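Hi,

Here is the structure I said I would pass on. Have a look at it first, and then read on for my notes.

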Amino acid sequence: MHNLGRTRSANRRDHLLVTPDTFVRTVLPGLQGGMAIVHVSPAAGAAFTQYTAELEPAGTLGPTPAQRFVYVLSGAVDLATGASFNSLAAADYAYVPAGLAHTITAQAPTRLAVIEKIYQPLPDVSAPPLLVASEARIASAPLMGDIGLQVRSLLPGQPAFDFAVNTMTYQPGAALSMVEIHVMEHGLLMLEGGGIYRLGDQWYQVTAGDFIWMAPFCPQWFGALGKQPAKYLIYKDWNRHPLG
């Protein structure tokens with residue numbers, strides 16, 4: 001049935017909600033055996049690009065001039081560099097520094113969350129090295145003492161890293177303790193469950209598969225609804241002065 005122009009997606013000055021019914025798949029240079037759903041990019045005002053790569057068996061991502069973070073949503077990939085080889089399954093992830101030649105090849109039908117950002121170096125601080133890890137091996141911590149809201153920090157907080165990626169898991173009924181307004185921008189992919197998101201002065205129902213971009217200083221708040229936990233993967237810029 002035709003949806004008659006209805007969608008939960010929204011595009012506002014300081015935020016973007018993109019729901020699966022509005023996803024458009026596209027090709028990217030070098031991406032072979034697959035397609036990309038570009039959720040946000042500098043064309044929308046973001047300082048980074050985030051997309052979902054959908055790869056067929058033996059499909060590969062193309063090269064990038066930026067640093068790259070890859071989180072396996074489903075399936076499995078092989079990550080190869082000149083000095084290392086790693087296989088990543090669902091909920092495994094990798095940080096690939098800018099300039100490191102690498103290939104990412106799907107072992108099976110695979111979906112990847114991909115974040116790319118031009119690296120901002122700091123004087124006298126070396127750029128981070130390749131990092132490969134599994135979310136399951138990262139200890140979770142309650143946010144502001146709330147055991148119903150658990151955070152896993154997937155990247156180290158060291159100054160070498162100019163962005164952070166976390167997963168946040170809310171038990172049913174758990175919510176952020178405050179409306180946040182801050183200098184960091186976010187890219188957020190809902191992984192499980194759902195709830196209500198306040199973005200700016202708007203309120204949205206969100207569910208697994210939705211993507212949200214939040215500009216700096218966008219008022220934001222989330223509360224989990226339903227009978228299962230809500231979980232999302234969230235990016236933020238980090239460890240750099242606002243003047244650049």
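This is a predicted model, and I started with its packing. The largest nonpolar core holds 28 residues, and Phe-69, Tyr-71, Val-165 and Trp-213 have the most contacts inside it. β5 gives the largest share, three residues.

Now the sheets. Eight strands make an open, antiparallel sheet, running β1-β2-β18-β15-β20-β14-β13-β12. At its edges are β1 (10-11) and β12 (141-143); each has a single partner strand, so one side of each has no neighbour in the sheet. Within this sheet, β13 (146-153) runs antiparallel to β14, joined by five bridges; Gln-150 has Thr-169 in β14 as its bridge partner.

Another open sheet has three strands in the order β17-β16-β19, again with antiparallel pairing. Here the edges are β17 (202-207) and β19 (220-225), each with a single partner strand, so each has one side left without a neighbour in the sheet. On average, neighbouring strands here are turned by 20° against each other, ignoring direction. Six bridges link β16 (194-199) to β17, where Trp-203 is the bridge partner of Arg-198.

Cheers

Notes: Residues numbered from 1 in each chain as written. Predicted model: local features only at pLDDT ≥ 70, side-chain atom pairs only at ≥ 80, totals over all residues. Heavy atoms only, no water. Core = buried A, V, L, I, M, F, W, Y, C linked by side-chain atoms within 4.5 Å. Buried < 20%, exposed > 50% of the residue type's maximum accessible area, 1.4 Å probe, protein only. Helix = DSSP H or I, 4+ residues; strand = E, 2+ residues; numbered from the N terminus. Pairing = 2+ DSSP bridges. Axes fitted to C-alpha atoms, helices over the stretch in contact; angles between N-to-C directions.
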